[in-house]
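Trainee: Could you take me through one part of this model closely, starting from a pair of aromatic residues and working outwards? I would enjoy a connected account.

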Amino acid sequence: MDHQPKFFENLSGAGKAIAVLTSGGDAQGMNAAVRAVVRMGIYVNAKVYFIYEGYQGMVDGGDNIVEVSWESVSSILQVGGTVIGSARCKPFRTREGRLQAALNLVQRGITNLCVIGGDGSLTGANLFREEWSGLLEELAQKGKIDAEAVKKYAYLNIVGMVGSIDNDFCGTDMTIGTDSALHRIIEVVDAIMTTAQSHQRTFVLEVMGRHCGYLALVSALACGADWVFIPEYPPEEGWEDSMCVKLSENRARKKRLNIIIVAEGAIDCHNKPITSEKVKDLVVQRLGFDTRVTILGHVQRGGTPSAFDRILASRMGVEAVLALLEATPDTPACVVSLSGNQAVRLPLMECVQMTQEVQKAMDEGRFLEAVRLRGRSFENNLNTYKLLSHKKPDAELPKTNFNVAVLNVGAPAAGMNAAVRAAVRVGMTEGHKIFAVIDGFEGFARGKIKEISWGDVGGWTGQGGSILGTKRTLPAKYLEKIAEQMRTNNINALMVIGGFEAFESCLQLYEARASFEEFRVPMCVVPATISNNVPGTDYSLGADTALNAIVETCDRIKQSASGTKRRVFIIETMGGYCGYLANMGALAAGADAAYIFEEQFDIRELQANVEHLTEKMKTSIQRGLVLRNENCNENYTTDFIYQLYSEEGKGVFDCRKNVLGHMQQGGAPSPFDRNFGTKISAKAMQWISKKLKETYRKGKVFANTDDSVCLLGMRRRNLVFQPVAELKSETDFVHRIPKEQWWLKLRPLMKILAKYKTSYDVSDSGQLEHVAMLPKEAETGAI
């Protein structure tokens, strides 16, 4: 980037007062946002206030508006819901109510509001802001405040964060709470699948989403549901017949269970509701299948926030404080939002209007328009679901005579199987024959290759590890044998799903093209590794699942010490030389320090960390957490750090250590990894099809250009295909990491939230964008 870094040291909050409130329906991750606002506010020397019970507390005043300290938000990161309470508030809808609220704020000198809630809460905040000067004048006329106060507190600044499990707010890829709600749904679906299989049952699951089908759609994608009903995309006339045909076809293919997902606001094309009971009755009457209904209800709002929601909310909270500090009387009220993996600011009312446009389009029966207005992520999910859930009859499929091989390389990562499933099904839809290679390139050399069909990959999305089998072996020592197998099986393209080894493997095959013409075929790498160390992508499949495993364990470990004396835990994470898991795990678990290879440290820094923690432990803080990446330093081992902290903390705290090991690699994939795997793999297969058509001449495929061997990665806001030859210069091959890593920019965030003084580059934030300007064609870091 060519711009000069801009640091927020010159943004001071001295003399400013910021209040934070949560309003509307609660969502997991709201507490993480509250914590970030409080700590960032205190960090910049502003006064920070809680407003308890949402707008009701603002109107009631008194003990509902209290100044808070650093410790006030300790240990709330892992708690679901909102600790400052939320309430629906009728009085705030009246001018009288807002007048009282304004008085309560002015009396405490508060002119900066951070509102965490849904579109209703944010619209209310905006109205309050617009009326503010009029309200103050009225208060002055009634003699409740003096003219000096009217002048001093003339402007109210407002920044919103969207907390809503439905993900129903336009302009943001993911709202706070959505990912956690998906975790709850998927946990239930995974549990139901085992019992449904035992009895050959059909399950109808009703999920939340009165006006938005996001949860239903994404959970259907993540569990490979047979049918999904959502408000934005009602089924066509005669859907009853189509659905029953599909269910009975699946049973005929020896599928022992059927899952149907219904959003609570699902409708047909005449705007009539489709209920879960109605769907159940239909299946029972027409097919006689043993059918059960499960309504998930408020389970979806509950539980602990996922790693994604904690990081999202922490980033949004810090960004919200920066936005308040930079606000002027002329800047419109804004929401801080996520686009790809970037924090952006958008005008609040533009987002609200667009959200209302969606509802209007649905009410008027313009359903395609409603889907488009929901944004690129929603549209993409819908198209991918349609592509993968319904197998067209063989007669309707094109025939290309191309053979595509799919294989896993490197260590197993959650989400690999979802990627294989998508590749097989999209490939078949495109008319290719798909071959599965067992045990990576080692298996390839030995001829462990078999054709794989649509039904073979049913139920794969929820499986952890690698069903095809995976090995770390690189192809260099088997080049001749692999070329021979490609010739024998007439393989015209390769899709390699794996970690750093997958990238290296395709680079080796690309470099061997001069000697082996068999390798002159399109090849695509889909990055999948828990370490997230593959060049050319911000996210790898499996990293989200591993992060959740780390955060869950850190929560348990911290809880294990509750009630005992003060204790510090030293926890070792995996990741090779890449510090992603340690750094992001520390941010999501609320750790005090994270030692990583990318940021060298010495004994002086270790000493400073120990002293910092000792000071903290002398307050009301009971527990400390320190994460260490396995390869961060060959001499400062986990044992060394443990012994150092034990010695230096004598009399203040005691120490325990924990090496997390392979539990980070196991487990069922998170909803994010299932969906990310499904979507990028589908996109990769479509790219392969395009390349096959482009490079097919005179009866054979001849791909010899750099751009025919690519890695599909998520970069900032877009999914991009990058030639592996070009990525070579961006890679540190000795340590198997990219030379530049985006997440290092979030390091200071973790330090600020752990009470360290640091400098934080805010060059990327601060520009107010417009909703319509967000790149429509781009893909997203949201699910």
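Mentor: Gladly! Let us start with Phe 672 and Phe 676, which both lie in helix H22, four residues apart, or about one turn of the helix. Helices here are DSSP runs of H or I with at least four residues, strands are runs of E with at least two, and both are numbered from the N terminus. This is a predicted model, in which local features need pLDDT of at least 70 and side-chain atom pairs count only at pLDDT 80 or more, while totals for chains, interfaces and linings use all residues. Residues are numbered from 1 along each chain as its sequence is written, and side-chain values use heavy atoms, with hydrogens and water left out.

The rings of Phe 672 and Phe 676 form a tilted aromatic pair, 5.5 Å centre to centre with 35° between the planes. For such pairs, rings of Phe, Tyr and Trp (its six-membered ring) must have centres within 6.5 Å; planes under 30 degrees apart count as stacked, over 60 as edge-to-face and the rest as tilted. Phe 672 counts as buried because its relative accessibility is 3%, and Phe 676 is buried too, at 6%. Buried means under 20% relative accessible area, exposed over 50%, and partly exposed in between, using a 1.4 Å probe and protein chains only. The two rings also belong to one aromatic cluster, made up of Phe 308, Tyr 539, Phe 672, Phe 676 and Trp 742.

Now the helix itself. H22 covers residues 671-695, and its 25 residues should span 36 Å at 1.5 Å a residue; the end C-alpha atoms are 36 Å apart, which agrees. The expected span is 1.5 Å times one less than the number of residues in the helix. H22 is mostly covered, with 20 of its 25 residues buried.

Helix H1 (residues 30-43) can be read in the same manner: its 14 residues should span 20 Å, and its end C-alpha atoms are 20 Å apart, in agreement. Since 13 of the 14 residues of H1 are buried, this helix is largely enclosed by the rest of the structure. Just after H1, Asn 45 takes a positive phi of about 70°.

Two loop residues also have positive phi. Gln 200, in the loop between helix H6 (178-199) and strand S6 (202-207), has a phi near 55°; at 37% relative accessibility it counts as partly exposed. Asn 401 sits in the loop between helix H13 (376-389) and strand S12 (403-409), and its phi is about 65°. With 67% relative accessibility, Asn 401 counts as exposed. As background, most residues other than glycine have a negative phi.

Back to the aromatics: the structure holds 23 aromatic pairs. Another of them joins Tyr 636 and Phe 640, tilted as well, at 5.2 Å centre to centre and 40° between the planes. Here Tyr 636 counts as buried at 18% relative accessibility, whereas Phe 640 is partly exposed at 29%.

The largest nonpolar core has 188 residues, and Met 161, Ile 261, Leu 494 and Phe 519 have the most contacts inside it. Helix H10 (residues 307-326) gives the most to this core, with 13 residues. A nonpolar core is a set of buried Ala, Val, Leu, Ile, Met, Phe, Trp, Tyr and Cys residues joined through side-chain atoms within 4.5 Å.

Glu 501 is found in helix H17 (residues 500-511) and is buried, with a relative accessible area of 7%. Leaving aside neighbours within four places in sequence, Glu 501 is in contact (heavy atoms within 4.5 Å) with Val 409, Gly 410, Arg 472, Leu 474 and Arg 736.

As for confidence, the chain averages a pLDDT of 92, and 96% of the residues score at least 70; pLDDT is the predictor's confidence in each residue, from 0 to 100. Over residues 1-5 the pLDDT is below 50, and this stretch has eight contacts in the model beyond near neighbours in sequence.
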